[in-house]
Structure formats: C-alpha cells, structure tokens
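Thank you all for coming. I would like to take a few minutes to walk through one structure with you, taking the helices, the charged pairs and the surface in turn.

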Amino acid sequence: MTRDELRQRLLACDLKVTQQRIVVFESVMELHGHHPTAEDIYQRLKPANPSISLGTVYKTLDTFVETGLIRRALSEEGGKRYDANMHAHNHIFCSKTKEIVDFEDAELEQLLTEFFSKRKLENFEIKGFSVQLTGNKVEPDKQISIKRVSK
C-alpha cells in the first residue's frame, strides 16, 4: 500500500492524517501475519521516530480498531495483538511460542452459522464469527499449519 493509499484510508475513516498514524499503520501492514503487540510496533518505530511514545502507539492502534482499519486479536493471557487482515478468519495461538496463525475455513463458518440458526439467541445480532484455538506446538521448530483430512 502506498502512502497516498494509506492517507485515503485514514481520511475515509474520518481520521486526521498525521505522520505518527501513517508510520503506525505502515508498521501494522508490514507485520501482517505476525500479529504484533503495541510494544513490538513501538520498538520497530522508535529508532526512526524518536519522538513517538508507547502511549501514542497504543492510542493510535485503539483508534484504528474502533474505526475498522485493523482488528484486535487476544493472546491467551489477554494481551492485545493487532491484525491487519480484515477478512473473516480465525486464529491458532501457541502458548509456548506466543505465535498467532491465521486460518480461514468456509466449512467452519457454515457449521457455526447453522449451529446458531438452530438456537434462540435473544437480544443479540451476530455480525460474524471468530474462533481461536489455543494450545502448544508439538515440534517448536516446525510451522503451524491446518489441512483438510479426507475421510
């Protein structure tokens, strides 16, 4: 995404375009798939942006979540991680390595939709689903992956 496209996205969300917002959003986009914490982003930005504070990074990320530019992914400990992937998807969280891996599965979405359509959920409108699997890598050096197993 170019800086001009980034500016347009901020303006489309009625956000003032500032240098700090630009560099924070760029960092989230560059770390796409890694689900960084505010501290990760701050450490990445600090050398080239010495005037930026950790508080500013937190406030900026919260603003981006509120306006729908990014989403929040929670770790097992309840810590906030951030995700630039705005498509409907789920997460696998490894408690040992603290990795979060995205996965999309239309069949799972269909099962959840069918499950809740058979229930009487009162005073709540479902806008989407997000499942987070929590566990530990069996072999820490290998990547986490999910594959469909044929029957």
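Predicted model: local features only at pLDDT ≥ 70, side-chain atom pairs only at ≥ 80, totals over all residues.

Residues are numbered from 1 along each chain as its sequence is written, and side-chain values use heavy atoms, with hydrogens and water left out.

Let me start with helix 3, which covers residues 38–45; helices (H or I, at least four residues) and strands (E, at least two) are DSSP runs, numbered from the N terminus. Which residues of helix 3 are buried? They are Ala 38, Ile 41, Tyr 42 and Leu 45, where buried means under 20% relative accessible area, exposed means over 50%, and partly exposed is in between, with a 1.4 Å probe and protein chains only. Seen down the axis of helix 3, these buried residues fall within an arc of 100 degrees, so they line one face of the helix; the arc is that of the directions from the helix axis to the C-beta atoms. As a reminder, an α-helix has 3.6 residues a turn, so residues three or four places apart point the same way. The buried residues of helix 3 pack against helix 2 (19–30), helix 4 (54–67) and strand 2 (80–83), with contact meaning heavy atoms within 4.5 Å.

Now to the charged pairs. A search of the whole structure finds seven salt bridges, each being a side-chain nitrogen of Lys or Arg within 4 Å of a carboxyl oxygen of Asp or Glu. In one of them, Glu 30 meets Arg 44 at 2.7 Å, N to O, and this pair links distant parts of the chain, with Glu 30 in helix 2 and Arg 44 in helix 3, 14 residues apart. Arg 44 is partly exposed, with a relative accessible area of 40%.

Another salt bridge joins Arg 72 to Asp 62, at 2.8 Å from N to O. Arg 72 lies in strand 1 (residues 71–74) and Asp 62 in helix 4, so the pair ties together parts that are ten residues apart in sequence. Asp 62 and Arg 72 also belong, with Lys 80, to a network of salt bridges.

A further pair is Glu 99 with Lys 137, at 2.6 Å, N to O; Glu 99 is in the loop between strand 3 and strand 4, Lys 137 in the segment after strand 5, and they are 38 residues apart. Is Lys 137 buried or exposed? Lys 137 counts as buried because its relative accessibility is 10%, whereas Glu 99, at 25%, is partly exposed.

Lys 98, in the loop between strand 3 (90–94) and strand 4 (100–103), has a positive phi of about 65 degrees although it is not a glycine. Asn 123, in the loop between helix 5 and strand 5, likewise is not a glycine and has a positive phi, near 60 degrees; at 83% relative accessibility, Asn 123 counts as exposed.

Finally, the cysteines. A search of the whole structure finds zero disulfides, a disulfide being a pair of cysteine sulfur atoms within 2.5 Å. Cys 94 is buried, with a relative accessible area of 1%, while Cys 13, at 22%, counts as partly exposed.
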